[in-house]
Amino acid sequence: MSENHEGRRAARDRLVQQREQEKARERRRRTLIVAGAVVGVLALAAVIGLIAANAGDDDDTAAPVVAPSGATGKDDLAIPVGASDAPSTLTIWEDFRCPVCAQFESAFRSTIGELTESGQLRVEYHLATIIDGNMGGTGSVRAANAAACAQDAGKFKAYHDVLYSNQPAETDDAFGKDSTLIDLSKKVTGLDTPTFRSCVEDGKHNAWVAKSNTAFSEGGFQGTPTALLNGESIFPKKGDEQISVANLKKWVEEANKGKPAGTLTPTPPAS
């Protein structure tokens, strides 16, 4: 009976030992799994870091920011139209693919032109590319670059108006084709030149356009068009008053009260 008791004890001891060995193996297996996961995470982090570093390298070799001739303001991101000494400034943020921008231009182009030519108003145009981001394509960027090329030739406003008068449907990326932009330049006397074509096709001002769009995104604006009269938003309304031709004239007159009109001089083309 004693021998049977000793045998049972030995069997229990072996069973306990086996269980302990199994537990040890399981602990080692789990340790290896965790270690493998950590190594995988570290490897992934290393890959991400490498990608980020390479992205930084791409930024370092990006095309230089070339502002169009006569650009003014912070970082030379504004294209001015009108007398530099006009008593009031209208700041407009626009996207050439934006349908509401075209409607704004159609409604107020002649009034803004009248106020500008009489020296009452100076307009500073800023270009954005939000429709490319929303709808896909490159028409906003390419059209903005072409407009900057027109500014180099001293013909920004005329070409600006042609682009809006011939704006394609929002979903149609026609402005993404250089051939379309060059064809439209023929509607502006003297703009279709080898210099202009090269500027458009080379995307000379693309980086400047991107910088302008970044400024728009960081400016806290609600959308395009954005119109500010002496820094105060006037579109779609100023205070409680809805924008209209009559109200725009009234607001400019009130802002200019007692101030002399500016002296309008033509914008010379780049040499």
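Axes here are lines fitted to C-alpha atoms, for helices over the stretch in contact, and the angles between their N-to-C directions run from 0 to 180 degrees. What you're looking at is a predicted model, by the way.

Let's get the overall layout first. The protein chain has nine helices and seven strands. It runs to 271 residues, and 36% of them are buried. If you take the contacts between residues at least 6 apart in sequence, 76% join residues at least 24 apart.

Now back to the helix pair. The crossing of α4 past α7 is right-handed. On the α4 side, the residues that meet α7 are Arg 142, Asn 145, Ala 146, Cys 149, Ala 150 and Asp 152, and they touch Phe 196, Cys 199, Val 200 and Glu 201 of α7. Sort that contact by class and you get six nonpolar, one polar and three charged residues.

α4 has another partner to look at. Helix α4 (residues 139-152) also packs with helix α8 (residues 206-218), with an angle of about 115° and 9 Å between the axes. Since 65 to 115 degrees counts as roughly perpendicular, α4 and α8 are therefore roughly perpendicular to each other. Here too α4 goes past its partner, α8, in a right-handed crossing. From α4, the contact draws on Val 141, Arg 142, Ala 144, Asn 145 and Ala 148, while α8 supplies Asn 206, Trp 208 and Val 209. By class, the contact of α4 with α8 comes to five nonpolar residues, two polar and one charged. Arg 142 and Asn 145 turn up on the α4 side of this contact, and both are also listed in the contact with α7.

The buried ones are Phe 156, Tyr 159, His 160, Asp 161, Val 162, Leu 163 and Tyr 164. The Asp 161 side chain makes a polar contact with the side chain of His 160, at 2.8 Å. Set aside neighbours within four places in sequence, and Asp 161 is in contact with Glu 105 and Arg 109.

Ser 185 is in helix α6 (residues 178-185), and with a relative accessible area of 0% it is buried. Not counting residues up to four places away in sequence, Ser 185 touches Tyr 159, Leu 191, Asp 192 and Phe 196. Ser 185 and Arg 197 are twelve residues apart in sequence, and their C-alpha atoms are 9.3 Å apart in space.

Most residues other than glycine have a negative phi, and most peptide bonds are trans. So where does this model depart from that? Asp 75 isn't a glycine, yet its phi is positive, about 60°. Asp 75 lies in the loop between α1 (2-60) and β1 (79-81), and because its relative accessibility is 39%, it counts as partly exposed. Asn 230 also has a positive phi, near 50°. You'll find Asn 230 in the loop between β4 and β5, partly exposed at 43% relative accessibility.

As for the peptide bonds, the one that joins Thr 224 and Pro 225 is cis, with omega about -5°. Pro 225 lies in the loop between α8 and β4 (226-229). Another cis peptide bond runs from Phe 235 to Pro 236, with omega near 10°, and Pro 236 is in the loop between β5 (232-233) and β6 (237-238).

Definitions and conventions
Residues numbered from 1 in each chain as written. Predicted model: local features only at pLDDT ≥ 70, side-chain atom pairs only at ≥ 80, totals over all residues. Heavy atoms only, no water. Helix = DSSP H or I, 4+ residues; strand = E, 2+ residues; numbered from the N terminus. Parallel < 35°, antiparallel > 145°, perpendicular 65-115°, else oblique. Left-handed = near helix turned anticlockwise from the far one by under 90°. Contact = heavy atoms within 4.5 Å. Nonpolar A, V, L, I, M, F, W, Y, C, P; charged D, E, K, R; others polar. Polar contact = N/O pair within 3.5 Å; in protein donor to acceptor, adjacent residues only side chain to side chain. Buried < 20%, exposed > 50% of the residue type's maximum accessible area, 1.4 Å probe, protein only.
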